[in-house]
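Please read the numbered points alongside the structure shown here.

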Amino acid sequence: MAEISVYPDPAALTRRAAEMITALAAEIVPVQGRFSMGLSGGSTPRALFTLLASDDYAQRIPWSGVHVFWGDERCVPPDHTESNYRMAREALLDHVPIPAENIHRVRAELSPAEAAQDYEQTLRSFFAAESDQTPPRFDLLLLGMGDDGHTASLFPHTAALHEHTRWVIENRVEKLNTWRITLTVSAINAAAQVLFLVIGSSKATVLRDVLHGPYQPGHYPSQRIGPINGRLIWLLDAAAAALL
Ligand code: 6PG
């Protein structure tokens, strides 16, 4: 069952997300020895990353045990303005003492097929899958949602939505005339916690349709997200939640 929380403004939502991440990392690293977190891309998480790098939070997070991944990536080099890795590096990773080997970026400079294969191998090595069928169990996956109901790079009516075996796949997004690399639904739904961050009035209509409308997972890929054995949490600001 999804847990939905609404905050008066983006700053309040961002603070709550930072508190949740900090608490999770501080709780899990001493117990498990590491904390695996998948970052979302786009514009929404930038403020969160900047806050996590601030004095209010950075010193409370055991960075030596934090391992950072990405839920999806654009098929561009790591220094490209469109790169989700670059945004996270500039807003967060360059400002905290996280070991370089704990940063597991998608090598999106490769061809789409090679980048997907390479990143899946990275996940398989890190999560040391007991068997091929055991998807990666991220401690936390951050997700955003587009105004078309996509999440990660699982866009409406795209081939990636029909992949049930692989953990990572290259996905042709015709409407953007581009390729993307994305975790599959199976990989996302194996996570212990999935945290959607949705901000702004432009998301209000699609959020109402995703959360309260009929189940149309091809049209609204975000409807496919539901951890099999984990928590699904939506953090919304008032503008995004206006039609709920
Ligand atoms: C990406 C993201 C994508 C994003 C949504 C929302 O690579 O763009 O992973 O899924 O979360 O498109 O983007 P905004 O936060 O910019 O609205």
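1. Rings of Phe, Tyr and Trp (for Trp, the six-membered ring) are taken as a pair if their centres lie within 6.5 Å. The model is predicted, and by this rule seven aromatic pairs are counted in it.

2. The rings of Phe69 and Phe127 have centres 5.9 Å apart and planes at 35°. Distant parts of the chain are linked here: Phe69 belongs to strand β3 (residues 66-70) and Phe127 to helix α5 (residues 112-127), 58 residues apart.

3. Are these two residues buried or exposed? Phe69 is buried, with a relative accessible area of 0%. Phe127 is likewise buried, at 14%.

4. Phe69 also pairs with Phe138: the centres are 5.3 Å apart and the planes stand at 80°, so this pair is edge-to-face. Phe69 lies in strand β3 and Phe138 in the loop between α5 and β5 (140-143), so the contact ties together parts that are 69 residues apart in sequence. Both Phe69 and Phe138 are buried.

5. Phe69, Phe127 and Phe138 belong, with Phe126, to one aromatic cluster.

6. Arg124 lies over the face of Trp167, at 4.0 Å from the ring centre.

Terms used:
Residues are numbered from 1 along each chain as its sequence is written. This is a predicted model: local features need pLDDT of at least 70, side-chain atom pairs count only at pLDDT 80 or more; totals for chains, interfaces and linings use all residues. Side-chain values use heavy atoms; hydrogens and water are left out. Rings of Phe, Tyr and Trp (its six-membered ring) pair if their centres lie within 6.5 Å; planes under 30 degrees apart count as stacked, over 60 as edge-to-face and the rest as tilted. Helices (H or I, at least four residues) and strands (E, at least two) are DSSP runs, numbered from the N terminus. Buried means under 20% relative accessible area, exposed over 50%, partly exposed in between (1.4 Å probe, protein chains only). A charge sits over a ring if NZ of Lys or CZ of Arg is within 6 Å of the ring centre and within 35 degrees of the ring normal.
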